[in-house]
Amino acid sequence: ETKMINISKNSVSSSILDIRKKHTDIAPESAVVKREKIKLITLDYFFDKEKIGKKKIFIKIDTQGYEKNIILGASRVLKKIKGVMLEASILPLYRNENNFTKMIQFMKKKGFYVWAIERGFSNKSSGRVLQLDIIFINKNV
């Protein structure tokens with residue numbers, strides 16, 4: 001499908017989801033400077049197109065709050081994926097994103113368990129951790 005993406009000044013904060021004021025207050029360089037039309041494909045489609053086959057796969061997903069949608073687009077191939085690293089917020093930074101507890105529950109239902117949690121994006125002034133990088137391992141692969 002086609003979607004609009006919000007391009008942030010710092011580019012790393014760019015997202016399909018709308019950025020919250022809390023985020024831009026903490027990191028002014030995350031402010032949206034333009035929007036662009038992009039084409040989305042699912043992981044299911046990508047795996048088919050690239051003939052991924054039986055390789056051991058580890059995926060890193062850093063899509064600024066859109067991670068659950070990416071996983072939902074992998075309904076057929078998720079069982080082939082050994083590990084997933086994704087970013088999840090403690091404090092909501094994008095509208096309609098799932099926080100880290102919901103993402104852990106969601107991934108658990110998909111057959112993955114938490115392997116590691118790493119500090120992600122933090123408030124430079126206060127030191128508060130705002131996002132985590134979570135590594136999940138597929139218990140069935």
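1. By class, the lining of the largest pocket comprises 11 nonpolar, 6 polar and 2 charged residues, where Ala, Val, Leu, Ile, Met, Phe, Trp, Tyr, Cys and Pro count as nonpolar, Asp, Glu, Lys and Arg as charged, and the others, Gly among them, as polar. This is a predicted model, in which local features need pLDDT of at least 70 and side-chain atom pairs count only at pLDDT 80 or more, while totals for chains, interfaces and linings use all residues. Residues are numbered from 1 along each chain as its sequence is written, and side-chain values use heavy atoms, with hydrogens and water left out.

2. Of the 19 residues that line the largest pocket, L40, I41, Y66, N69 and I70 lie nearest its centre. A pocket here is an open set of points on a 1 Å grid over the protein atoms alone, where a 1.4 Å probe fits, with protein on both sides within 12 Å along at least five of seven lines, and lining residues have an atom within 4 Å of a point.

3. I41, placed in the loop between β2 (32–39) and α2 (43–50), counts as partly exposed because its relative accessibility is 47%; the term covers values between the limits for buried (under 20% relative accessible area) and exposed (over 50%), with a 1.4 Å probe and protein chains only.

4. I61, by contrast, counts as buried because its relative accessibility is 4%. I61 and E118 are 57 residues apart in sequence and 14 Å apart in space, C-alpha to C-alpha.

Methods:
Helix = DSSP H or I, 4+ residues; strand = E, 2+ residues; numbered from the N terminus.
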